[in-house]
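My notes follow in the order I took them.

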Amino acid sequence: MAKKKITPRQKMINLMYVVLMAMLAMNVSSDVLKGFSLVDEGLNRTKDNSNVQNEAIYATLESAMKQNPEKTRKWYNKAMQVKSLSDSLYNFAESLKKDIVRKADGDDGDIRNIKNRDNLEAATHVMLAPGVGKGDKLKKSIDSYRNKILEMINDSTQRKIIGDNLSTDVPVSTSTIGKNWQEYMFENTPVVAAVTLLTKLQTDVKHAESQILHQLISNIDVKDVRVNQINAFVIPNSKTVVRGGTFSADIVMAAVDTTQRPDIYVNNTLLKSSNGHYESICNSIGDFSLKGYIIMRNGNGDEIRREFEQPYTVVEPSATVSATLMNMLYAGYQNPISVSVPGVPANKINVSMTNGTLTKKGNGQYIAVPSKVGADAVFTVTADNDGRQQQMGKFEFHVRKLPDPTGYLEVKDASGNTDRFKGGRISKQALLTAGGVGAAIDDGLLNISFKVVGFETVFIDRMGNAMPEVSNSSAFTPNQISRIRSLNKGKIFNISRIKAVGPDGIQRTLPSSVEVIIN
């Protein structure tokens, strides 16, 4: 808060006041009385100028109150309290001046044109007359005003100045022994001197009033953060909204001071950015929160701290490509299903299924097992959207029986790696090592093993007759092994009528056979 300095003129007036008071003990000459008049005129000019300044501040407060009552009301009410206190003491002093001059010059007496300036009885009567003297009331009024005003002053220097100006203590000297303040000030005091003393009191009141008003008017602005640029911002709750959802945003007018940037702390780390821009690479999916605080200083140098928190969600990049003719599931089989909704985390997605069972295996991953062949399986996807379940879509899949597997012999190649022999030339040793027949869907898309429960081998004897041998398991029977051992190089036999059961529990006889040529 700016401190109001005492002008050289005011210092001169105060000095003249002290000198003139000291001369009261001497013979009061016309020159001395004239000097009091000059001092009084100077004090009146100072008082009037202070009054003009104070009224201008009151007008500013009045205007601020109309524009922003919530912000100004506290300080405006204090200003009105100060005005009431100051006017009360000021007007009381003014009435005493009139009473003293009229006592000396009659009912037509004018405080600006005193005739009997050297009258020593008027002030004594008005201020000290037993029962009607107003000196004691004036002292109590000054004491009350001083105490209330000092409670409102924050600046220690101004508190001392105002306290000294409005002091009612009697100086300690031999001439003041036994006198109270009103006797010390007004006993046998010429009219012009008494009026000057009261004018000085009024000047001190206006000074005190002015100091408090300057403090109050500064409080309206000083504790604010000064700005020089205002922008409009739209802050959305989310930048991604699905159909049927709610888009919400805060529309605000934000003010900034381009000459003084605030300190921004994110997770207790100072943000090294001149414009408050924050970026972070998101490597993990889920719900997160950006937390921190901002520190700024107002015009009074006080530190202002404001906390902030902004939740956000990180989702996997996702895209869906669907082939219309391939929306198919296999009955009885654990079909893997992946479900995602762009902009919605997996933990807020729910999926249900008809014609089968659905088991969740992880974020967006499910196992679907359809029940009936020929009936469609319908998946319904819903998502938690602002606390309510919103349907995101329905998806139909045709349900079919698993295709027939292919029979094979599990053998090892020259490098010792396992291979599936599905027909052609093979060594007798590799054939016997295989020990039996397997079956699987192995088409590059599906890799589904079936359980072989039987098969038939057909050998051709020397006469061209077919000699079938049946196995009721997946292994070669002793007779089949014996027949294989007896085959010479280049001989052919077939493995046919392979019976297999798939994960859907359905037993089927494979229409294809495995032709084997002994190498």
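Before reading any sheet, I noted that two strands pair if DSSP finds at least two bridges between them. Helices (H or I, at least four residues) and strands (E, at least two) are DSSP runs, numbered from the N terminus.

I also noted that this is a predicted model, in which local features need pLDDT of at least 70 and side-chain atom pairs count only at pLDDT 80 or more, while totals for chains, interfaces and linings use all residues. Residues are numbered from 1 along each chain as its sequence is written, and side-chain values use heavy atoms, with hydrogens and water left out.

Entry 1: I looked up the order of the strands and found 8-11-10, 3 strands in an open sheet with antiparallel pairing. Strand 8 (335-338) and strand 10 (356-362) are the edges; each has a single partner strand, so one side of each lacks a neighbour in the sheet. From one strand to the next the twist averages 30 degrees (axes are lines fitted to C-alpha atoms, for helices over the stretch in contact, and angles run from 0 to 180 degrees between N-to-C directions). Strand 10 is joined to strand 11 (residues 365-370) by 6 bridges, antiparallel. I checked G356 and found P370 in strand 11 as its bridge partner.

**Entry 2: strands 3, 5 and 6.** I traced strand 5 (residues 286-297) to strand 3 (residues 263-266), its antiparallel partner over 4 bridges. Here D263 lies opposite I295 of strand 5. With strand 6 (residues 303-314), strand 5 forms 12 bridges, again antiparallel. Y293 faces E307 of strand 6.

**Entry 3: S273.** I located S273 in the loop between strand 4 (269-270) and strand 5.

**Entry 4: two helices.** I compared helix 3 (residues 69-105) with helix 5 (residues 135-150): their axes come within 11 Å and cross at roughly 155 degrees. The pair is therefore roughly antiparallel (under 35 degrees is roughly parallel, over 145 roughly antiparallel, 65 to 115 roughly perpendicular, the rest oblique). For the contact (heavy atoms within 4.5 Å), I listed residues including L85, L89 and F92 of helix 3 and I142 and Y145 of helix 5.
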